[in-house]
Amino acid sequence: MDADSDVALDILITNVVCVFRTRCHLNLRKIALEGANVIYKRDVGKVLMKLRKPRITATIWSSGKIICTGATSEEEAKFGARRLARSLQKLGFQVIFTDFKVVNVLAVCNMPFEIRLPEFTKNNRPHASYEPELHPAVCYRIKSLRATLQIFSTGSITVTGPNVKAVASAVEQIYPFVFESRKEIL
C-alpha cells in the first residue's frame with residue numbers, strides 16, 4: 001500500500017450554506033403570521049423558515065437577505081433557495097431571486113487508517129496546529145483553497161470549504177500527508 005495508488009474515499013457532504021437576495025423589503029410579522037413552519041425571532045429581527053423537501057432551514061431578514069443551511073449538495077441548496085423564494089412570492093412579496101451564492105460546504109471523510117497526530121503536526125508545521133488540551137483534532141489550513149480540515153486520530157477528517165470542488169481538492173491534497181503519518185497495524 002502506498003500513497004500514490006488510487007484509493008476511493010467517500011466524502012460525505014453534511015451541510016451546504018448558501019445566501020441570496022430578494023431585492024425587496026420583507027415584512028417579518030406577515031411572514032410569521034401567514035407562513036408555514038416559521039419561527040419569529042423578534043428580538044433579533046429575523047424569521048426562521050423550514051422546508052421539508054429539500055430539508056433546509058432559512059434565516060430571513062427584513063432587508064431581503066436570506067441564508068439557507070442544511071442542504072447536502074449545491075444543487076439541492078439552489079433548489080431549496082428557489083422554493084423558499086417562491087413561497088415568499090405566494091405570501092404577496094415582489095421577490096426577485098438574485099445574488100445566489102454557495103458560501104460554505106461542510107463534509108466528512110473517513111481514512112481507512114488511524115493517524116499519529118503529533119507526528120503529522122511536526123511534519124506539516126506551518127499549516128497544521130495541534131493543541132490536544134483545547135481540541136482533539138489537528139487544524140490544517142489550505143490557504144489557496146480557503147479550506148480548513150479537522151484531522152482526528154481515528155482517521156476521520158472534517159473539511160470546511162467555500163464549495164464542493166474545493167472540499168474534494170483539499171481531501172486529495174491532504175491524503176499523502178496523513179498517509180505518511182498513519183498508525184501501523186500490528
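Contact here means heavy atoms within 4.5 Å. The structure is a predicted model, so to speak of local features takes a pLDDT of at least 70, side-chain atom pairs count only at pLDDT 80 or more, and totals for chains, interfaces and linings use all residues. Residues are numbered from 1 along each chain as its sequence is written, and side-chain values use heavy atoms, with hydrogens and water left out.

Asn-124 sits in the loop between α3 and β7 (128–130); helices (H or I, at least four residues) and strands (E, at least two) are DSSP runs, numbered from the N terminus. With a relative accessibility of 8%, Asn-124 counts as buried, where buried means under 20% relative accessible area, exposed over 50%, and partly exposed in between (1.4 Å probe, protein chains only). A polar atom of the Asn-124 side chain lies 2.8 Å from the backbone oxygen of Phe-120.

Next comes helix α4. This helix covers residues 164–180, and its 17 residues should span 24 Å at 1.5 Å a residue; the end C-alpha atoms are 26 Å apart, which agrees. The expected span is 1.5 Å times one less than the number of residues. At Ile-174 the helix α4 bends by about 35 degrees, with a proline, Pro-176, following within four residues. The bend is the angle between axes fitted to the seven residues ending at a position and the seven starting there. Buried residues of α4 include Ala-166, Val-167, Ala-170 and Ile-174, and the buried set packs against β1, β6 (98–110), α3 (117–123), β8, β9 and β10 (156–161).

Arg-23, between β1 (11–21) and α1 (28–34), has a positive phi near 55 degrees despite not being glycine, and Arg-23 is exposed at 60% relative accessible area. Arg-146, in the loop between β8 (138–142) and β9 (147–151), also has phi near 55 degrees and is exposed, at 64%. The peptide bond from Lys-53 to Pro-54 is cis, with omega near -5 degrees; Pro-54 lies in the loop between β3 (46–51) and β4 (56–61).

As for overall layout, the protein divides into domain 1 (16–102) and domain 2 (110–179), with bounds from an automatic or database domain assignment. Their C-alpha centres lie 33 Å apart.

Technical notes: A polar contact is a pair of N or O atoms within 3.5 Å; within protein, one must be able to donate a hydrogen and the other to accept it, and residues adjacent in sequence count only if both atoms are side-chain atoms.
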